[in-house]
Amino acid sequence: VAAGVGVKMLEENLPSGTPVAWVMPNTAAMLGESMSLYALGQHATDKHRDVLQMILRSIGEALECTEEQIHNLTAISGAAPAFLYRVAEVLQETAMGFGLDERAAQLLVTQMFSGSAKMMQTGTPAATLRDQVTTPGGATAAGLRVLEERGLPKMFEDAVHATNARSKEMASGQK
């Protein structure tokens, strides 16, 4: 478990034939809700995979990936929670601007995030859930239009790419 290390680096620096796995959990592991990404080295067996999956299930969900995918997806599984926390901060501050105290604003936003996450866990695509909330020409549509006009999708994409670029810099020893 180490950012930017990877299976190749582990295999190059350990005795030949050592089975390795590279795991990238996220901070929700402390609640048993991590989304961990992992890659296995060339000497890891199915038994190693089974043991690793058992361990990772104790802290949440896990997805086997290639090393390259982990390098690219860590921005989504590991850094994107900070992006969502920032969105939550803005929504809480906005709610407080409408007269809620800090505790009530946090409850409002936290429950909205929790309920929304549970809706996504049903397997319904996010776009479908969004459409279920959005009446054409309605209030939600007006808000979504502003987000699109201001470039929200591109901002998130750019944030992921910036995170990946910095991660690669850090892995190569750049400060």
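Predicted model: local features only at pLDDT ≥ 70, side-chain atom pairs only at ≥ 80, totals over all residues.
The crossing of the two is right-handed. On the helix 3 side, the contact is built from Leu84, Val87, Ala88, Leu91, Gln92, Ala95 and Met96, while helix 4 brings in Glu102, Ala105, Gln106, Leu108, Val109, Thr110, Met112 and Phe113. Sorted by class, that comes to 11 nonpolar, three polar and one charged residues.

Helix 3 also packs against helix 7 (residues 152-171), here at an angle of about 125° with the axes 9 Å apart. Helix 3 and helix 7 are therefore oblique to each other as well, and helix 3 passes helix 7 in a right-handed crossing. From helix 3 come His71, Asn72, Ala75, Ile76, Ala79, Phe83 and Val87, which meet Phe156, Ala159, Val160, Thr163, Asn164 and Lys168 of helix 7. This contact holds eight nonpolar, four polar and one charged residues.

Then there is the core. The largest nonpolar core has eight residues: Val7, Val20, Trp22, Met24, Leu37, Ala39, Cys65 and Ile70. Strand 1 (21-24) and strand 2 (34-40) are the elements that each give two or more residues to this core. Leaving aside residues up to four places away in sequence, Trp22 touches a list of residues that includes Val7, Leu37, Ala39 and Ile70. Among its other contacts are Ala2, Gly4, Leu10, Tyr38, Glu67 and His71. In soluble globular proteins, nonpolar side chains tend to be buried together.

Definitions and conventions
Residues numbered from 1 in each chain as written. Heavy atoms only, no water. Left-handed = near helix turned anticlockwise from the far one by under 90°. Helix = DSSP H or I, 4+ residues; strand = E, 2+ residues; numbered from the N terminus. Contact = heavy atoms within 4.5 Å. Nonpolar A, V, L, I, M, F, W, Y, C, P; charged D, E, K, R; others polar. Core = buried A, V, L, I, M, F, W, Y, C linked by side-chain atoms within 4.5 Å. Buried < 20%, exposed > 50% of the residue type's maximum accessible area, 1.4 Å probe, protein only. Axes fitted to C-alpha atoms, helices over the stretch in contact; angles between N-to-C directions. Parallel < 35°, antiparallel > 145°, perpendicular 65-115°, else oblique.
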